[in-house]
Amino acid sequence: MLPAPEPIEEADAGELQARREDLLRSPRPLILRDAVGHWPMVQAARRSPREAIAYLKEFERPDGPPVVATVGPPGISGRFFYDEHLQGFNFRQEHVPLRVALDTLRKYLDDPAPPAIYLASTTLDTWLPGFRQHNDLSLGDRDPLASIWIGNQTRIAAHQDVPDNLACVVAGRRRVTLFPPEQLANLYVGPLDFTPAGQPISLVDFAAPDLERHPRFAEAWRHARAAELAPGDAVLIPSMWWHHMEGLEPFNVLVNYWWRQSPAWMDTPMNALMLALMTVRDLPPGQRAIWREVFDHYVFRPGDATAAHIPERARRVLGPMDEERARDLRARLLKRLNR
């Protein structure tokens, strides 16, 4: 049996505004206890899950688009995952009105073996307009995407996200387990292009790790950090930290703020990875080594030797990237890829 992981470092949530930039730029995860405890949504959830559900329904758009509800049978124990052969999934998705999903969750509150239900990454301002007027955080000059996650006792496999993420528990309790990005090789990540929810996930079952099948996971676990979050608590998850999220009660709600420390016009690096798999990985070893040097020269270790010998106005993509240049480069790439 694996030992309990080390706790995630905690910071004083009362200093979130005074030390906002220091805290939100932290390269390490942080727990901010009671950071959103003053929200009316949190106050309702502390009274009862039924009051929390009623509070959310106050903001639903009568003409709003349906939400995507991910639903799995009781036998999956809340773990949304692949099927046995990694050719499909152990859940289905339905498009339903938000109120229907909330009523269904309310119906199963006292059921000891409910189906697993999850509404993933639903944009707050689209489905619950007005919610942020009463339940919001100031993140300075950032313009974050705010989303809401609603479900029952579910387990979301460890995965990475490119944006920084401030995840606020506003109903129920959650257990979060984090790993630094360098534990990639020890987490047994599944397919990159066929995933349960868009991001590649760890294939390890955190509830019952099979160390014979996944022996390197023991090393990943040595670097794990974990915490249990109550309504009002928040966790800062820096970009590319692996995170496993587990809802611990029959009704759980998470509000996320996502932002990137890069311009909005920058594409996700995952696109570059996919192109490299297609164009570089299977080259003969000698050619691949050459391209490693090329990438170091132009991407990972650029310096004066990279472009100083080219007149500044003639450097084009070797000069500072901006929105116009990125748009032009994207068009060139699309033309090449579609030839």
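Please keep in mind that the model is predicted. A search of the whole structure turns up one cavity of 30 Å³ or more, and the count of salt bridges comes to 27.

**The cavity**

- The volume of the largest cavity is about 40 Å³.
- Its lining is made up of R79, R155, I156, A157, V204, D205, F206 and H244.
- Strand β8, which spans residues 155–159, gives the most to this lining, with three residues.
- Sorted by class, the lining has four nonpolar residues, three charged ones and one polar one.

**Salt bridges within helices**

- In helix α4 (residues 98–107), R106 and D103 sit three residues apart, separated by about one helical turn.
- R106 and D103 form a salt bridge, with their closest N and O atoms 3.0 Å apart.
- R106 is partly exposed at 36% relative accessible area, and D103 is partly exposed at 29%.
- Helix α11 (residues 323–337) holds both D328 and R332, four residues apart, or about one turn of the helix.
- The side chains of D328 and R332 meet in a salt bridge of 2.9 Å, N to O.
- D328 counts as partly exposed at 40% relative accessibility, whereas R332 counts as exposed at 52%.
- Salt bridges with shared partners also join R173, R175, E228, E246 and E249 into one network.

**Another pair to look up**

- E51 and R47 meet through their side chains in a salt bridge of 2.7 Å, N to O.
- E51 has 35% relative accessibility and counts as partly exposed, while R47, at 53%, counts as exposed.

Methods: Residues are numbered from 1 along each chain as its sequence is written. This is a predicted model: local features need pLDDT of at least 70, side-chain atom pairs count only at pLDDT 80 or more; totals for chains, interfaces and linings use all residues. Side-chain values use heavy atoms; hydrogens and water are left out. On a 1 Å grid over the protein atoms alone, a cavity is a set of points where a 1.4 Å probe fits but cannot get out, and a pocket is an open set with protein on both sides within 12 Å along at least five of seven lines; lining residues have an atom within 4 Å of a point. Grid points are joined across faces, edges and corners, and a volume is the space filled by probe spheres set on the points. Helices (H or I, at least four residues) and strands (E, at least two) are DSSP runs, numbered from the N terminus. Ala, Val, Leu, Ile, Met, Phe, Trp, Tyr, Cys and Pro count as nonpolar, Asp, Glu, Lys and Arg as charged, and the others, Gly among them, as polar. A salt bridge is a side-chain nitrogen of Lys or Arg within 4 Å of a carboxyl oxygen of Asp or Glu. Buried means under 20% relative accessible area, exposed over 50%, partly exposed in between (1.4 Å probe, protein chains only).
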